[in-house]
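I opened a notebook page for this chain and set down what I looked up, entry by entry. The sequence and the model come before the entries.

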Amino acid sequence: PFVLPMIYDRRNDDLVARKDSQNGYWTIFDRKEGTKIRMAFSKNQPEPTKSSAPELVDLKITDQCNKGCGFCYQDSKKDGLHGEYEYIYSVLKVLSENKVFEVALGGGDPTSHPKFTDILKTCRWFGVVPNFTVADLNWVEDEQKRNAWLDFCGGIAYSTTGSYGVRHLGFAIDKYKMPRDKFQVQIVEGLVNDYEFSRIMEECHYHNLTLTVLGYKETGRGKAHSDKVKLKEFDWIKMITDFCRHKHLNVGVDTVIASKYKDRLIDAGVSDIF
C-alpha cells in the first residue's frame, strides 16, 4: 500500500478534489498548504499530459510598478494601467466555474491596484485561493491592509535580488507577528552572484523561510538584460546540496528551472515524482 503524503494532524476542511473530465485523474488540493496530489484508482490509467482545465492561473491585474527593474519580463512601467475590476471579476467567475484551484495575482505591482482588497475578497467568494507576488514590503506597515490581505490570501512570494531583502522580510514578520508560512522568498537565476546566493540561503535558514529559484525569462526588458545574467551563472544546485548537509532549508523551483535542470536535479537526489 502507498500512503498519500498528506497532513493528518488537522481537520480536512481545507482539502478539495477535482476529477479531470479528460484523463480521469483526481487532483486533491490543500487550500491551506497549497500542495496538490494527482492520483488514479486504476493501475492502467495513462499518465496525464494535459488537464481539461488549469489548476493554477497567473493573472496580471496591473501593468503599474515603480521599481523599473531592467530584467522585468513584463516590461511594467510607473505609468502602467490597472486592469478594470469588472473584467477581473468576470475572469475569476470563469475560473471558479471551471474549478480552478488557485490564482497567482501579478503585475506590475499587484498591491498598487486600487481594488486589490476587493480582488482578494472576490477570489475567496468564488472559492479560488489567491496568491500574489511583491517586491515591496511597505504595505505591511499599514495595519488595515496587512490584516485584510493576510486573511484572504493563500501565499505571498517576495521577490528580491539580495540578502538584505530576506532580512527585511524576516524582521517584518517578527515585528508584526505575521504568519511565517504565508511567505516565501523568490530569486531569479542569474540576478545574484554565488556570494550573494550563499547569503540569501543563510538568511532564509535563519528566518525559516522557503527559497524558490525561478528561471530567467527573456521577454520584455528581460531580453536586453540576458547577457548580464549569463555572466552570473554558477552551480546553485551544488551550493544548495552542500548547504543542506549542515543546515535546514526548504527549496522550490518553477517549471522553467525544472525543465532546464531536470537531469541535474534528479542526480542531486530530487525524486522524479516532483
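Is M239 buried, partly exposed or exposed? I looked up its relative accessible area and found 21%, so M239 is partly exposed; in this scale buried means under 20%, exposed over 50% and partly exposed in between, with a 1.4 Å probe and protein chains only.

**Ground rules.** I note that this is a predicted model, in which local features need pLDDT of at least 70 and side-chain atom pairs count only at pLDDT 80 or more, while totals for chains, interfaces and linings use all residues. Residues are numbered from 1 along each chain as its sequence is written, and side-chain values use heavy atoms, with hydrogens and water left out.

**M239, continued.** I placed M239 in helix α7, residues 236-243, where helices are DSSP runs of H or I with at least four residues, strands are runs of E with at least two, and both are numbered from the N terminus. Leaving aside neighbours within four places in sequence, I found M239 in contact with D194, F197, S198, M201 and F234, a contact being heavy atoms within 4.5 Å. I also looked up the distance from M239 to N12: the two are 227 residues apart in sequence, and their C-alpha atoms are 37 Å apart in space.

**The chain as a whole.** I counted 9 helices and 10 strands. The radius of gyration is 19 Å, close to the 19 Å that the globule rule gives for 274 residues, so the chain is as compact as a globular protein of that length; the radius is taken over C-alpha atoms, and the rule is 2.2 Å times the number of residues to the power 0.38. Along its principal axes the C-alpha trace spans about 50 × 50 × 40 Å. Of the 274 residues, 39% count as buried. Among contacts with a separation of 6 or more, I noted that 68% come from residues 24 or more positions apart.

**Surface and charge.** I recorded an accessible surface of about 16,300 Å², with 51% of it belonging to carbon and sulfur atoms; the areas come from the Shrake-Rupley method with a 1.4 Å probe, and for residues only the protein chains shown count as cover. There are 39 positive and 39 negative side chains, and the centres of the two sets lie 1 Å apart. Here Lys and Arg count as positive and Asp and Glu as negative, with His and the chain ends not counted, and each charge is placed at NZ of Lys, CZ of Arg, CG of Asp or CD of Glu.

**Cysteines.** How many disulfides does the rule give? The count comes to 0 disulfides, a disulfide being a pair of cysteine sulfur atoms within 2.5 Å. For C72, which is in no disulfide, the nearest cysteine sulfur is that of C65, 6.6 Å away; C72 is buried, with a relative accessible area of 17%. For C153, also in no disulfide, the nearest cysteine sulfur is that of C123, 11 Å away, and C153 counts as buried at 0% relative accessibility.

**Backbone entries.** I kept in mind that most residues other than glycine have a negative phi, and most peptide bonds are trans. A cis peptide bond joins G107 and G108, with omega of about 25°, and G108 has its place in the loop between β5 (102-106) and α2 (116-125). K99, in the loop between α1 (85-97) and β5, has a positive phi near 60° and counts as exposed at 56% relative accessibility.

S163 lies in helix α4, residues 163-175, and is buried, with a relative accessible area of 7%; not counting residues up to four places away in sequence, S163 touches E196, R199, I200 and E203. The C-alpha atoms of G252 and D194, 58 residues apart along the chain, are separated by 18 Å. E47 lies in the loop between β3 (36-39) and β4 (56-60) and is exposed, with a relative accessible area of 70%; its C-alpha atom is separated by 8.2 Å from that of N23, 24 residues apart along the chain.
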